[in-house]
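Open the model in your viewer and keep the selection tool at hand. We will go from one stop to the next, with a look at the whole chain along the way.

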Amino acid sequence: MITVVGTGTGAPVPADVLAGAALVVGGRRHLDAARLPEGTERIVLGPLAPALETIAEYVGKELPVVVLASGDPGFFGIVRALAERFGAGLLDVRPGVSSVATAFARIGLPWDDAVVVSAHGRDLRTAVNVCRACPKVAVLTGPGAGPAELGAALGDGRVLVVASALGDPERERVERVTPAEAAARDWGTAVSVVLCLDETRALGGLRTVAGVPARPDRWALDESDFAHRDSMITKFEVRALALARLGPRLGDLVWDVGAGSGSVAVECARLGAAVVAVEKTPDGVERIHANARAHGVDVRVVHGSAPDALDGLDDPDAVFVGGGGRELPAIVGACARRARRTVVVAMAALDRVPAAREALTSAGFACDGVLLQSSRLAPLPGDVTRLAATNPVFLLWGVRAPATREGVAH
């Protein structure tokens, strides 16, 4: 049997757990604090693979092993690796209080509606995009992915609570800073967790399932659900297929270029993605802000004309391009060179399709498309119904090979 003990945030290891252990594995501070029986071998946990090999030797000899871990070892902890190697049936897990629970307790906030993401040994961009999209996020930090790097990537609009050395009576610190203040400091190596809060929404009760924002009840919303000018909005039939091809999800960054009313941007944000809407008209910018507020999502709006307005933005996972002016091929090309997964283009003018398709294929995308033409039910006098045709729209999409994502609690 392998006994895995979560030390929580400073909790002592029960003596009865260590009694009779042939091997104890853990971090140096855990081992130094534990009273090990005489003759017990100890391994300071560094690289995981050598420790697992040593544990396997003891398991093969049916000798008892104890593993000491920080916080709750089943929460982004060593239980996953041990279960994959030795099987869950061989583990006796004694959970502790996680650093996330402790950090939220320190500032008096509930965390059942928080999203937890790990940046430890993982791509920081996923954590950054979750922080942009959600009002209450806990980020487990790691080397090269701490408060400074997170703050530098986030910019304004959030407050960071940096919880360092939780459970250590001498070194514990919980500090509230702006992203800019976090980026300007050297935080050392003792950081446990960073809470990223939109304080205007952090107590609003984000609807979650197991810590992940719940998917909306529906999408491809009616045009009447958005403020728009003279029906200049992506129709819900087109939006439905565009969303299916964009695949917006938690941890993604999506651009909505030529956003107009921002209907696509808002729908992507409702599905959990971080979203940047690029719009050149001042009244369009105001409508996007209004629609984002009305649907309770956070959409960053950039006032400017693509492709120049794309400079300085982080590379997106997916891009939606609307409109069909002469500059469309150049915009599609600029987006295709930056997009990690997919680009979707909506066009009313058929003669723009070849150039847009060439821009996608030249950037290495596999390209496909469809002409969408629908007729909606419309009432007539006398309790009868006719079909009212909508304007046809050509939807073109390019897809790269899928990328992997790690670190989001679900």
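Predicted model: local features only at pLDDT ≥ 70, side-chain atom pairs only at ≥ 80, totals over all residues.

**Stop 1: D314.** Select D314, in the loop between β15 (299–303) and β16 (318–321). Is D314 buried, partly exposed or exposed? Its relative accessible area is 39%, so D314 is partly exposed. Now show its surroundings: leaving aside residues up to four places away in sequence, D314 touches R132, L253, W255 and R338. Pick W255 from that group and draw a C-alpha distance to D314; the two are 59 residues apart along the chain, and the distance is 9.7 Å.

**Stop 2: the cis peptide.** Stay in the loop between β15 and β16 and select P307, which also lies there. The peptide bond leading from A306 into P307 is cis, with omega near 5°.

**Stop 3: helix α12.** Select residues 328–338, which form helix α12. Which residues of α12 are buried? Colour L328, I331, V332, G333, A334, C335 and A336 to see them. As a reminder while you turn the view, an α-helix has 3.6 residues a turn, so residues three or four places apart point the same way.

Stop 4: From β13, move on to S261, in the loop between β13 and α10 (263–270). S261 counts as buried because its relative accessibility is 2%. Show what S261 touches beyond residues up to four places away in sequence: A227, H228, M232, I233, R287, I288 and N291. Then select helix α11 (residues 282–294) and find D283 in it. While S261 is buried at 2%, D283 is partly exposed at 35%.

**Stop 5: two positive phi angles.** Which residues other than glycine can you visit for a positive phi? Start with F76, where phi is near 55°. F76 is found in the loop between β4 (65–69) and α4 (79–86), and at 35% relative accessibility F76 counts as partly exposed. Then jump to A220, another residue that is not a glycine, with a positive phi of about 55°. Look for A220 in the loop between β12 (212–213) and α9 (236–246); at 14% relative accessibility, A220 counts as buried.

**Stop 6: the cavity.** How many cavities of 30 Å³ or more does the structure hold? There is one, and the largest cavity has a volume of about 40 Å³. To find it, select its lining: K235, E237, V238, L372, Q373, S374, T390, N391 and V393.

**Last stop: the whole chain.** Zoom out and show the cartoon, with its 13 helices and 21 strands. The C-alpha trace spans about 90 × 50 × 40 Å along its principal axes. Of the 410 residues, 49% count as buried. Switch to a surface view: the chain exposes about 19,500 Å², of which carbon and sulfur atoms supply 52%. Finally, colour by charge to see 43 positive and 47 negative side chains; the centres of these two sets lie 3 Å apart.

Terms used. Residues numbered from 1 in each chain as written. Heavy atoms only, no water. Helix = DSSP H or I, 4+ residues; strand = E, 2+ residues; numbered from the N terminus. Buried < 20%, exposed > 50% of the residue type's maximum accessible area, 1.4 Å probe, protein only. Areas by Shrake-Rupley, 256 points an atom, 1.4 Å probe, with all protein chains shown as cover. Lys, Arg positive; Asp, Glu negative; His and termini not counted. Charge placed at Lys NZ, Arg CZ, Asp CG, Glu CD. 1 Å grid on protein atoms, 1.4 Å probe; cavity = no way out; pocket = protein on both sides within 12 Å on 5 of 7 lines; lining within 4 Å. Points joined across faces, edges and corners; volume = space filled by probe spheres on them. Contact = heavy atoms within 4.5 Å.
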